[in-house]
Amino acid sequence: MKIGKETVPRTAICTSDENTIVVRGQDLCQDLIGHLSFADYFFLLLTGRKPDAACSAVLNATLVAIAEHGFVPSVQASRMTFAAAPDALQGAVAAGILGCGSVILGASETAGRLFASVAARMDAGVSLDDAATEAITELKTARRAIPGYGHPLHKARDPRVDRLIEVATQAGADLRYVHIAQALERVIPGIVGRDLRMNVSAAIPAVLMGVGFPVVSLRGVPILARTAGLIAHLAEEAEQPSGFALSYQATRELQYDGVLPDGFGAHA
């Protein structure tokens, strides 16, 4: 059954013949292997162009910033899956990535779309602070969370934020979206009544969008970075298991508050 207008599948990413593998118009073996870092290659795959120096510095910095964050839910899911199926590394990695959504790992994309909406208001002639105020007011009215602001541990400031902005500044990146992110941070207390500071999920799109990284692919950055971190955790899990210990810790604190049949526990 035909669905949609297209009848011929097309790609501009890769092709090959008997002697040559072509990726984004480049000879993989002659032009790319040994010449590009993995992060630069990722950008080429994604956009079809090689990153300039500023883009390379910023993209590498964001990947390093988000790759590892301890025993967060994605890592716990990955480790417990590996404990149950140590023969399926790919399944354990997938288990850790599947939870990439609006709360964990996916906020970078949502924050990026927020910044883009502020930029569109500015392009229409609204001042930076007024555009930021309008955007936060709309979120508050709709009772929606402000993506990329606030952190359960780093109350004063997520230390990764300033470092990523510093890298972008030193690299000569366009700081337009950094200024937008900072303006949002300034107006938040007066609108929502709380001082919510930027976290890494705001810093990542703020610096990446300034070097031409596509908003639609922002979620791919934490996914790619965290995949590396998960593989490291699973290598440790193979030698120093924690997966079943995590399961035990959870069930030890578990309290059943449902209905019980008559006589339950009478013979305990």
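Reader: How are α4 and α11 set to each other, parallel or oblique?
Author: They are oblique to each other. Oblique is what remains after roughly parallel (under 35 degrees), roughly antiparallel (over 145) and roughly perpendicular (65 to 115).

Reader: What kind of model is this?
Author: A predicted model: local features need pLDDT of at least 70, side-chain atom pairs 80 or more, while totals for chains, interfaces and linings use all residues. Numbering starts from 1 along each chain as its sequence is written, and side-chain values use heavy atoms, without hydrogens and water.

Reader: At what angle do the axes of α4 and α11 cross?
Author: Roughly 40°, and the axes come within 10 Å. Helix α4 is residues 73-84 and α11 is residues 220-239.

Reader: Left-handed or right-handed crossing?
Author: The α4 and α11 crossing is right-handed.

Reader: Which residues in α4 meet α11?
Author: S74, V75, S78, R79, F82 and A83. Their partners in α11 include R226, L230 and H233. Contact means heavy atoms within 4.5 Å.

Reader: How do the residues of that contact divide?
Author: Six nonpolar, three polar and four charged.

Reader: New topic. Which residue has a positive phi of about 50°?
Author: R24, although it is not a glycine. R24 is in the loop between β2 (21-23) and β3 (26-27).

Reader: And what is phi of R143?
Author: Near 60°, again a positive value in a residue other than glycine. Most residues other than glycine have a negative phi.

Reader: Where is R143?
Author: In the loop between α7 (128-141) and α8 (159-171).

Reader: Is R143 buried or exposed?
Author: R143 is exposed, at 80% relative accessible area. Exposed means over 50%, buried under 20%, with partly exposed in between (1.4 Å probe, protein chains only).

Notes
Axes are lines fitted to C-alpha atoms, for helices over the stretch in contact, and angles run from 0 to 180 degrees between N-to-C directions. Helices (H or I, at least four residues) and strands (E, at least two) are DSSP runs, numbered from the N terminus. A crossing is left-handed if the near helix is turned anticlockwise from the far one by less than a right angle, and right-handed if clockwise. Ala, Val, Leu, Ile, Met, Phe, Trp, Tyr, Cys and Pro count as nonpolar, Asp, Glu, Lys and Arg as charged, and the others, Gly among them, as polar.
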